[in-house]
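I'll jot down what I looked up, bit by bit.

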Amino acid sequence: MQVLLHPAVLATGSLTALAAAFAFQHLGGLEPCSLCIWQRWPHAATALFAVLSLGLRKPGAAVTLGMAGLAALAGTGLAGFHIGVEQHWWPGLAACEGGSSAKTVAELREHLLNAAPTRCDEVAWSFLGLSMAAWNGLLSLALLGLAAGALKRAIQASGDKTP
C-alpha cells in the first residue's frame, strides 16, 4: 500500500495544480501568458504517468514513476525560467512579448486589432510575495521529490520476489 500512496498523491498534486490554473483563468479572469500555458503540460504528464504507475506491476511502475519525475523536473525548470523572466534576469521568448508572427498585412491587421497577449515578464498575481510561477516552481519541486521517493519505493519493491 505504501508504494501506491506516493503515485496517488503525485497525481493529485499535479491535477490540483491544473485545476487551479484553469480556475484562475476561467473563473478568475486571469489570462495566462505563453510560459504559464507551457507549465501546464508537465503537470498533465506527471499526473498521467503517476496514474499509469498505479495499474502496472513493479518494473513498469518504476519506469512510469521515473517518467513522472522527469515531467516534474521539466515543470520545475519551466517555472524557474518563468521566474527569471518575471524578475528580468533574462529575456523571455518572442511569444512572451506579444510579437506577431503575421506573414501578410491582413494577418498583422488582425493581430493588432485583437487584445495583446499577456506578457510573461509581468507578475499578474502574487501571494505572500511569490508569483504564480514561483508557487508553481515550489509545487513542481515538491512533486519531483515525491516522484523520486515513489520511484525509490518502486525500485525497492521490484527487488522483492513477490509478484
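Predicted model: local features only at pLDDT ≥ 70, side-chain atom pairs only at ≥ 80, totals over all residues.

**Aromatic pairs.** I started with the rings, and the count came to five aromatic pairs. My rule: rings of Phe, Tyr and Trp (its six-membered ring) pair if their centres lie within 6.5 Å, with planes under 30 degrees apart called stacked, over 60 edge-to-face and the rest tilted. One of the pairs joins tryptophan 89 and tryptophan 90, edge-to-face, 6.0 Å centre to centre with 65° between the planes. Tryptophan 89 counts as exposed at 58% relative accessibility, and tryptophan 90 as partly exposed at 37%. (Buried is under 20% relative accessible area, exposed over 50%, partly exposed in between, using a 1.4 Å probe and protein chains only.)

Another pair is phenylalanine 127 with tryptophan 135: tilted, 6.1 Å centre to centre, 40° between the planes.

Residues are numbered from 1 along each chain as its sequence is written, and side-chain values use heavy atoms, with hydrogens and water left out.

**A charge over a ring.** I found the charged end of arginine 40 over the ring of phenylalanine 22, 4.6 Å from its centre. The cut-off here is NZ of Lys or CZ of Arg within 6 Å of the ring centre and within 35 degrees of the ring normal.

**Cysteines.** Cysteine 33 is buried, at 4%, but cysteine 36 is partly exposed, at 25%.

**Cores.** I use "nonpolar core" for a set of buried Ala, Val, Leu, Ile, Met, Phe, Trp, Tyr and Cys residues joined through side-chain atoms within 4.5 Å. The largest one has eleven residues, including Leu10, Ala50, Ala62, Leu143 and Ala154. Helix H1 (2-26), helix H4 (58-86) and helix H6 (132-158) each supply at least two residues of this core. Apart from it lies another core, of five residues, with Cys33, Leu35, Val85 and Cys96 among them.

I then looked up alanine 62: leaving aside neighbours within four places in sequence, alanine 62 is in contact (heavy atoms within 4.5 Å) with Leu151, Ala154 and Ile155.

**Serine 131.** I found this residue in strand E2 (residues 130-131). Is serine 131 buried or exposed? Buried, with a relative accessible area of 7%. Leaving aside neighbours within four places, serine 131 is in contact with Glu86, Val123, Trp125 and Ser126.

**Whole chain.** I counted six helices and two strands, where helices (H or I, at least four residues) and strands (E, at least two) are DSSP runs numbered from the N terminus. The pattern along the sequence is α-α-α-α-α-β-β-α. Buried residues make up 31% of the 163 residues. For contacts with a separation of 6 or more, residues 24 or more positions apart account for 73%.
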